[in-house]
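Work through the exercises below with the structure open beside you. Try each task before reading its solution.

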Amino acid sequence: MLIQLQPYDEHNQTLEANVHPPDWVNPDPDGRYNMVVIGAGTAGLVSAIGAAGLGAKVALIERELMGGDCLNVGCVPSKGVISAARIAAAVRDAGEFGVRVPDGWSVDFGAAMERMRRLRAGISHHDSAARFRDLGMDVFIGDGKFTGGDIIEVAGKQLQFKRAVIATGGRAAELPIPGLKDVDYLTNESIFSLTELPERLVIIGGGPIGTEMAQTFARFGSHVTQIEKSANILFREETDAALIVQQAMEKDGVHFALNAVTKRVEQRGNEKVVVIEQNGEQREIVGDQLLIGIGRSPNVEGMGLENVGVKFDLREGVEVNDRLQTTNASIFAAGDVCSKYKFTHAADFMARIVIQNALFKGRAKVSALTIPWTTYTSPELAHVGLNPADTKAQGIEIDTYTQPLDGVDRAILESDDEGFVRVHTKKGTDTIVGATIVASNAGDMISEITLAMVINSRIPTWKKKLRLARGVGLATIGSTIHPYPTQAEAIRKLGDQYSRTRLTPFVKNLFKRWLAWTR
Ligand SMILES: Cc1cc2nc3c(=O)[nH]c(=O)nc-3n(C[C@H](O)[C@H](O)[C@H](O)COP(=O)(O)OP(=O)(O)OC[C@H]3O[C@@H](n4cnc5c(N)ncnc54)[C@H](O)[C@@H]3O)c2cc1C
């Protein structure tokens, strides 16, 4: 097994018993399967359980830990430790709310990590080998490999398939930084095994993984330096949104080395030294631990893809068409292994497309998905649809509506008012094309806007043109009563902003005359 479950305590033993049972006995293959799924992360589990639920004969193959990255070394442990860090920050800031913590406070990092391991183990039965077997699937533990034709080999057994699904996800990329391979560094596969808080943590990468961990470890008390080659972190997001998160992290004590190129890395005794170049000058950043938080590589090697005519690229992953079919018509792919949207919910919905298209000759398209995402910092940064750079590139003209949170009572009362809700609409209309939210619960708030976009996307253009159907746009959101006081009121206020743009001088004049006449 590549991922080490450390420390090997009762929680990790429970996790292992669920997701990689040491005493697991692979079943005997049961003739030809409707579907054989390689990889039991989100994409594989959803493909398998959905297909089996509809009556298909399904085999599911996993070589490491069922549940994949999300359960074991991704979303679940990261959100577990983020929640502990949020409590630490709340206690730290309690005085601002008039709450005194009498004898000072401290973080017990070991206890916070143990809590995460306990909760992760508790969740893990959902993804367990036994559960999937009991739901009627043949679960095989081992390396899945296409040997040719319609055969996949696993642990010496040959499985025959009508349809196969490649759901093998990805892993932390091996970055070509000079010296890195001689340094004992952390990735997402090892950071959640730590039991001692590093005094100094250096993080290379300003993307979501590096950023979430930078804030978390700073809040726990580490001296964190985050290195990023762009001018700000979270560079794929709208700049002012990313800057709000960056400034919040500075208040948490994170040090940023921006516009910085990592030249090399060295191990000096127990210390890790990162040499960066910034503004033409080189300097060293020293840490007790080094986290590589950038770069994902798809798991495409050693699977015999060349034996069955499935085209792939070592960086981009498995090549698929809009229906998630690979270059072999009987083999589909879903999740991180074939998508630029590397999120659990994206893997889940891609798997649903695969079930329809692989088993029922469906025509579902991945391009029809509206995929939001969230970075779980404080404040959270959530996004859906297009941002201004995308709309510019696609020649779409937009109007932009922004509601700062310092105009929203609930945000003010919670001292959470550094953020905003922003919606981009097609110029002159209330049709939403994209949105960004920076708020403490932005990830929850974005779904209202995503729903509006999904409803719109399902109305045929001809119906819209003939005004036979109205979608849900900013005007509808503006006329939807939101409870007071909530931060989601910010979204409703954008509807008001839009409605005010409808109040042209001509309409205003009409109203004025009517009111004067009826006075
Ligand atoms: C630190 C971190 C935090 C994250 N946080 C979030 C978050 O908050 N929200 C979110 O939406 N996403 C998050 N993600 C991303 C999310 O984890 C992935 O998008 C998701 O796990 C993808 O699922 P998947 O099924 O495509 O692949 P994976 O989860 O990677 O599963 C693939 C499985 O295939 C197995 N496998 C590979 N090759 C073979 C083979 N030849 N034979 C048998 N088995 C094989 C692997 O062992 C693995 O278990 C996070 C990721 C990381 C690293």
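**Exercise 1.** What covers the buried residues of helix 4?

Solution. This is a predicted model.
Step 1: list the residues concerned. A residue counts as buried under 20% relative accessible area. In helix 4 these are Pro-77, Ser-78, Gly-80, Val-81, Ile-82, Ala-84, Ala-85, Ala-88 and Ala-89.
Step 2: look for what lies over them. The cover includes helix 3 (68-73), helix 5 (109-123) and helix 7.

**Exercise 2.** What span is expected of helix 4 at 1.5 Å a residue?

Solution. Step 1: helix 4 has 18 residues.

**Exercise 3.** Which helix gives the most to the lining of the second largest pocket?

Solution. Step 1: the second largest pocket holds about 780 Å³ of space. Its lining has 23 residues, and Asp-93, Arg-219, Ser-378, Ser-415 and Asp-416 are the closest to its centre.
Step 1: helix 4 (75-92), helix 7 (208-220) and helix 8 (239-251) each supply at least two lining residues.
Step 2: helix 4 gives the most, with 4 residues.

**Exercise 4.** Which residues have the most contacts inside the largest nonpolar core?

Solution. Step 1: the largest nonpolar core has 60 residues.
Step 1: those with the most contacts inside it are Val-58, Met-66, Phe-146, Ile-166 and Val-318. Another core, of 34 residues, lies apart from it and includes Met-113 and Ile-191.

How values were computed
Residues are numbered from 1 along each chain as its sequence is written. This is a predicted model: local features need pLDDT of at least 70, side-chain atom pairs count only at pLDDT 80 or more; totals for chains, interfaces and linings use all residues. Side-chain values use heavy atoms; hydrogens and water are left out. On a 1 Å grid over the protein atoms alone, a cavity is a set of points where a 1.4 Å probe fits but cannot get out, and a pocket is an open set with protein on both sides within 12 Å along at least five of seven lines; lining residues have an atom within 4 Å of a point. Grid points are joined across faces, edges and corners, and a volume is the space filled by probe spheres set on the points. The expected span of a helix is 1.5 Å times one less than its number of residues. Buried means under 20% relative accessible area, exposed over 50%, partly exposed in between (1.4 Å probe, protein chains only). Contact means heavy atoms within 4.5 Å. A nonpolar core is a set of buried Ala, Val, Leu, Ile, Met, Phe, Trp, Tyr and Cys residues joined through side-chain atoms within 4.5 Å.
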